[in-house]
Protein chains: 2
Amino acid sequence: MEEVEAKVAEVELAADGGEKAPVVKKEKPKKAPKEKKEKAPQGPGKAGGKKEVKKETQLGISAKKDENFSSWYSQVVTHGEMIEYYDVSGCYILRPWSYAMWEIIKDFFDTEIKKLGVKNAYFPLFVSEKALIKEKDHVEGFAPEVAWVTRSGNSDLEEPIAVRPTSETVMYPIYSKWIRSHRDLPLKLNQWCNVVRWEFKDPTPFIRSREFLWQEGHTAFATKEEADEEVLAILDLYRRVYEDILAVPVIKGIKSEVEKFAGGLYTTTVEAYIPNTGRGIQGATSHCLGQNFAKMFEIYFENDNRERKMVWQNSWGLTTRTIGVMVMVHGDDKGLVLPPRVAPVQVVIIHIPSKDIDTKVLIEACKETAKQLRDAGLRIEEDYRDNYSPGWKFSDWEMKGVPLRVEVGPKDIASKQVKVVRRDNGGKDFIATDNIGASVANILEDIQKSMLEKAREARDACIVKVTSWDEFIAALNNKKMVLAPWCDEKEVEESVKERTKTDQHGAAKTLCMPFDQPELPQGSVCFSSGKPAKKWALWGRSY
Amino acid sequence: MEEVEAKVAEVELAADGGEKAPVVKKEKPKKAPKEKKEKAPQGPGKAGGKKEVKKETQLGISAKKDENFSSWYSQVVTHGEMIEYYDVSGCYILRPWSYAMWEIIKDFFDTEIKKLGVKNAYFPLFVSEKALIKEKDHVEGFAPEVAWVTRSGNSDLEEPIAVRPTSETVMYPIYSKWIRSHRDLPLKLNQWCNVVRWEFKDPTPFIRSREFLWQEGHTAFATKEEADEEVLAILDLYRRVYEDILAVPVIKGIKSEVEKFAGGLYTTTVEAYIPNTGRGIQGATSHCLGQNFAKMFEIYFENDNRERKMVWQNSWGLTTRTIGVMVMVHGDDKGLVLPPRVAPVQVVIIHIPSKDIDTKVLIEACKETAKQLRDAGLRIEEDYRDNYSPGWKFSDWEMKGVPLRVEVGPKDIASKQVKVVRRDNGGKDFIATDNIGASVANILEDIQKSMLEKAREARDACIVKVTSWDEFIAALNNKKMVLAPWCDEKEVEESVKERTKTDQHGAAKTLCMPFDQPELPQGSVCFSSGKPAKKWALWGRSY
């Protein structure tokens, strides 16, 4: 249980390729500021000069995604200016580049839940011990990770106060006050906030951090049917965040008893997959809490027959982890690769200076193109920096993942066209400046679509169907997700965990029982226990 | 230093009219749910029946704004469904009705700062002790109010970690890394987040709470001129939030040395005023930090002559306090009075059932009106609840402050009109359903304008210009803000504080030195010290 302290410093990465947190050098006392960027070669250059520039400026990604995934990831999120390390372990700074992505995800999801009648509110960061421990299973699930405030200034508080790890116990005492009659139902609230879980597993930017941002929806209904229906409606919104915005394919399913939300009735999930590490990752979860919390927090209502009934509750959450999954799935050895819908900048326009043309004329042409693209509703950046070569700029924007680069040179102006270069596949083309807004919008749509397709193919290639333990282990060691017939018993899942844990790898566990089930042949038995199989379960190592 | 514990319970208010936090009754064990709302008289009613309904449902505001301001305020924010009390002292729940107002304020301000080139980011909630104590004056200003996390689960942390009271010390260590060259400047970041200040003064919803929501902007410039300019640009946005959105007049000015931001160079402020309590209230502040933090956190850049220079910094913040000020200024004995631009619902449509008409026909007419108003871009609520009388609904929406009520009865349909009732002045009128979108939009604009005018008149009537101590004390005791010639010396402000503090009232202090200064006659002397006066200062008791 070692805590790695990330100093505010230049980050250097572990070279061993393990899943270690980055090792950091302490910053040297600053004598004179090093102006790294300005050491870059000046004047016009060609894309061919890229490598040299990269080397000299140390801006490029040196680790390979296939060889050393963990270093690669750290480099991509830091050099891509998404994350800055921080001197409180497990906490990270979300820089404008990644925060803008969170704003895009937020806008989409917020608009959609408002259509479902959900309203936003804000509940306190702090929760009293009394409220926190009320639901036994729930508190057991969270207690080891709770951060406690015990002091203000120099005085001890009378009672320690917990920092919310999630807000069921913050909200539900009040729900019991607000809900009296069937007319007060459904109650549908959501909040966008920070939560804290003081985990001791290795932290990873976006994927696992001690503080993270999320939305948490908390709803109450008169009937289980309504609750069930909402669980799936929200889950489908989560799928849309991943597939439609982040171009990351996910598998919808239900969690096993071992893996479900502590204190809830059942948990549904969208599961993503990182082919390079062979690990599944829980994308977002939508829980039906049943009546457990209602009972503990006394949330009753009077139905239209004047009978006293307990409400049915759901809670559901989506976090900044979304961004990390997207980076892991799409990034390449040049850096980030952003799907257009989540890219803070969708198109970067770069002029290619030449002795054949006045740079002012070139920039004017760029500005005209930028205007047309903005008028088409696209997010555009113009890079007229004169202290970097075009080649340096190409690398810079590639590292930041901008989906499309537009280059404007003297020949392009003459032939009323621009050169476009796709970030996702490197494809180059020339397109007419006439009606360029629509042409570029089409290309972006195509990028979005083909990124999802490519990711889906890669993911599908990593799902293996097995029926025996030997096949299971072989597939697992081959970095696959494994679909296997299962008896759906808690003890069997625990035993699989026990048997798959190694020194190098964490245990395999159920990721979910997919909603989309292959046919289960009559007489199928569990791959692990040999008992009659109830369904296909998806297993894997995971984040 | 007594901590008032607000139980999750029915709130009952202190009867003495003092500035006490609400006293609460512990909730009785729930045997059977009380369905308060359903006890309201059924069937059609008239506005005349309002009082009875209110009494019976206990929904109305029983305290008078003029007589017992503190109870009145608590009732307005709780019965108006803005706030729910919470079992951690000094923390409040922002219900959807008030959170929607915060979203409106946020949208406006966020759009405006993005136009200024500010980008949003997110920095951690936690700050290490080492960073927190780096700037001496700053930490002295905040240390007594800092909440410390010392434990996770059952283990003590190696070092206690502070919960951010503001983020200068969180951000600036990193600014020192990000800023190297003049090309990295200006750096303009903002975050929307929660902060914690564990104050021991009586908490008041929105106005003073231990956790609150805000935005904090943190910018760095190459020159003082740029920093100065931004300080004022942001201050004017704060003025616009108050005056243009919340219809609350504010006075712009600069804070005294005693009152400025701890560790900063100078602080500018927009100051509002609550006539009923005779107290000023700091609306929002925009600070020039000078180079203090730059020095402590080593934030240097290389200018274009390759010289090493320190940056100039600003920070600026606007909090959910805005909402409380708006409530205090505009509310009346019926409840909230919302300016249309910040009202989550601008118009409520209520049908007046009658034996002369089929209710379905009535509701159809309402829906048609609602559609037209929505098409005009207005925020509309339709209240077709059949278990409340129209009179009960009138009171309910008045308490929630909705700016305009549209009533539709049988006669209105016949004469192709609707009745409209203004919340701000009770004015009633009939308007044609033809082109109703434009008519209602005009009325709302008029409400917005006249609410600001009315508030400005009330505020202006409370500013007294004095030149002597006796006049000063007389005006102060008469609940006025006092404009007085001042020598601008720290010791004199401290002495005024000392001399004005009474058992019942806090000390008077400078609210600001208004930018808009009356002429200072030659030879003017300080009202308190008799030394030569340097400027007019605005003094008052304050929140």
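Over all chains, the structure holds 75 salt bridges. Please keep in mind throughout the tour that this is a predicted model.

Next, colour residues 99-339 of chain A, the span to which an unreviewed UniProt entry gives the annotation "domain: Aminoacyl-transfer RNA synthetases class-II family profile". In the model this span is 32% helix and 33% strand, and the C-alpha atoms at its ends lie 15 Å apart.

Now bring both chains into view and turn to the interface. How many residues of chain A are in contact with chain B? There are 76 residues of chain A in these contacts, and they meet 76 residues of chain B. Between them, chain A and chain B bury about 7,000 Å², and 53% of that area is on carbon and sulfur atoms. If you display polar contacts between chain A and chain B, the count is 30 residue pairs, with both residues at pLDDT 80 or more. On the side of chain A that touches chain B, the residues divide by class into 39 nonpolar, 10 polar and 27 charged.

Six salt bridges are found across the interface of chain A and chain B. To see a salt bridge between an aspartate of chain A and an arginine of chain B, select Asp386(A) and Arg183(B), whose side chains meet with 3.9 Å from N to O.

Staying with the two chains together, select residues 147-152 in each of them, which form strand E7 of chain A and strand E7 of chain B; these strands pair in the antiparallel sense over five bridges. Within this pairing, look for Val149(A), whose bridge partner in E7(B) is Val149(B).

In chain A, a cis peptide bond with omega of about -10° joins Leu185(A) and Pro186(A), and Pro186(A) has its place in the loop between helix H6 (168-178) and strand E9 (187-196). In chain B, the peptide bond from Leu185(B) to Pro186(B) is cis, with omega near -10°, and Pro186(B) sits in the loop between helix H6 (168-178) and strand E9 (187-196) of that chain.

While chain B is in view, select Arg306(B), which is not a glycine and yet has a positive phi of about 65°. Arg306(B) is found in the loop that runs between strand E14 (300-302) and strand E15 (308-310) of chain B.

Strand E19 (residues 404-408) is joined to E20(B) by four bridges, and the two run antiparallel; here Leu404(B) stands opposite Arg422(B) of E20(B). Strand E20 (residues 417-422) in turn pairs with strand E21 (residues 428-432) of chain B, in the antiparallel sense and over five bridges. Which residue of E21(B) is the bridge partner of Gln417(B)? The partner is Ala432(B), while Lys419(B) stands opposite Phe430(B) in E21(B). Last, follow the chain through the hairpin of E20(B) and E21(B), where five residues lie between the strands and Gly426(B) takes a positive phi near 75°.

How values were computed. Residues are numbered from 1 along each chain as its sequence is written. Chains are lettered from A and ligands numbered from 1 in the order in which they are written. This is a predicted model: local features need pLDDT of at least 70, side-chain atom pairs count only at pLDDT 80 or more; totals for chains, interfaces and linings use all residues. Side-chain values use heavy atoms; hydrogens and water are left out. Contact means heavy atoms within 4.5 Å. Buried area is the accessible area (1.4 Å probe) that two parts lose on being put together, summed over both. A salt bridge is a side-chain nitrogen of Lys or Arg within 4 Å of a carboxyl oxygen of Asp or Glu. A polar contact is a pair of N or O atoms within 3.5 Å; within protein, one must be able to donate a hydrogen and the other to accept it, and residues adjacent in sequence count only if both atoms are side-chain atoms. Ala, Val, Leu, Ile, Met, Phe, Trp, Tyr, Cys and Pro count as nonpolar, Asp, Glu, Lys and Arg as charged, and the others, Gly among them, as polar. Two strands pair if DSSP finds at least two bridges between them. UniProt positions are given in the numbering used here, feature names are shortened, and annotations may be inferred rather than shown by experiment.
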